[in-house]
Amino acid sequence: MFFRKCKKCCGKLVLVDADIEVDIGGKTQKVKNVPAKQCTECRNLVVNEYVIERIKQYARDYPADILDFAECENEESVAASSIL
Ligand SMILES: [Zn+2]
């Protein structure tokens, strides 16, 4: 299922790098540079389930007050290529 339109107002969704807060085990984790879709009309933010799962994993692996999603993605790809 892929929603190209806002579920609230049917506005147009565009890709953005968002700053969001994710609830992880009752703790609020701030995350920046999160790939998300935002409605151009009502500003509703849509973050993929898969991305949320990555954030939860990164919060464990790279504890920080504000997690940088883009930086964690880089770290992961560097780690993956150094194994090869
Ligand atoms: Zn909307």
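Guide: The account below starts at the metal site and then moves through the strands to the aromatic rings. Please bear in mind throughout that this is a predicted model.

The zinc ion is held by four cysteines. Its donors are the SG atoms of Cys6, Cys9, Cys39 and Cys42, at 2.2 to 2.3 Å. The four donor atoms make angles of 101 to 117° with one another at the zinc ion, and the site is tetrahedral. As a point of reference, the ideal angle for four tetrahedral donors is 109.5 degrees. Along the sequence, the donor residues follow the spacing C-x2-C-x29-C-x2-C. Cysteine 9 belongs to the segment before strand S1 (13–24), while cysteine 42 belongs to the loop between strand S2 (27–39) and strand S3 (45–46); the pair therefore ties together parts that are 33 residues apart in sequence. Are these two cysteines buried or exposed, or something in between? Cysteine 9 has a relative accessibility of 37% and counts as partly exposed. Cysteine 42, with 35%, is also classed as partly exposed.

S1 and S2 are paired in the antiparallel sense, over 11 bridges. One example of the pairing is alanine 18, whose bridge partner in S2 is valine 34. The hairpin of S1 and S2 has two residues between the strands, and there glycine 25 takes a positive phi near 55°.

S2 also pairs with S3, in the antiparallel sense and over two bridges. Here lysine 37 has valine 46 of S3 as its bridge partner. Five residues lie between the strands in the hairpin of S2 and S3, where arginine 43 takes a positive phi near 70°. With S4, by contrast, S2 pairs in the parallel sense, over three bridges. In that pairing, valine 31 stands opposite leucine 67 in S4.

Aspartate 17 lies in strand S1. Its relative accessible area is 61%, so aspartate 17 is exposed. Although aspartate 17 and valine 34 are 17 residues apart along the chain, their C-alpha atoms are separated by 5.1 Å. Apart from neighbours within four places in sequence, aspartate 17 is in contact with Asn33, Val34 and Pro35.

Aspartate 68 is found in strand S4, which covers residues 66–68. With a relative accessible area of 14%, aspartate 68 is buried, because buried means under 20%. The side chain of aspartate 68 makes a polar contact of 3.0 Å with the side chain of asparagine 33. A polar atom of the aspartate 68 side chain also lies 3.1 Å from the backbone nitrogen of glutamate 71. When residues up to four places away in sequence are not counted, aspartate 68 touches Lys32 and Asn33.

The last stop is the aromatic rings. The structure holds two aromatic pairs. In one, tyrosine 58 and tyrosine 62 have ring centres 6.0 Å apart and planes at 50°, and the pair is tilted. In the other, the centres of the rings of tyrosine 58 and phenylalanine 69 are 5.6 Å apart and their planes stand at 65°, so the pair is edge-to-face. Tyrosine 58 lies in helix H1 (residues 49–61) and phenylalanine 69 in helix H2 (residues 69–83); the pair therefore ties together parts that are 11 residues apart in sequence. Together, Tyr58, Tyr62 and Phe69 form one aromatic cluster.

Tyrosine 62, at 25%, is partly exposed.

Definitions and conventions. Residues are numbered from 1 along each chain as its sequence is written. This is a predicted model: local features need pLDDT of at least 70, side-chain atom pairs count only at pLDDT 80 or more; totals for chains, interfaces and linings use all residues. Side-chain values use heavy atoms; hydrogens and water are left out. Donors are N, O and S atoms within 2.8 Å of the metal (3.2 Å for Na, K and Ca); water is not among the atoms, so sites may look incomplete. Four donors count as tetrahedral if all angles lie between 85 and 135 degrees; four count as square planar and six as octahedral if opposite donors are over 155 degrees apart and all others between 65 and 115; anything else is irregular. Helices (H or I, at least four residues) and strands (E, at least two) are DSSP runs, numbered from the N terminus. Buried means under 20% relative accessible area, exposed over 50%, partly exposed in between (1.4 Å probe, protein chains only). Rings of Phe, Tyr and Trp (its six-membered ring) pair if their centres lie within 6.5 Å; planes under 30 degrees apart count as stacked, over 60 as edge-to-face and the rest as tilted. A polar contact is a pair of N or O atoms within 3.5 Å; within protein, one must be able to donate a hydrogen and the other to accept it, and residues adjacent in sequence count only if both atoms are side-chain atoms. Contact means heavy atoms within 4.5 Å. Two strands pair if DSSP finds at least two bridges between them.
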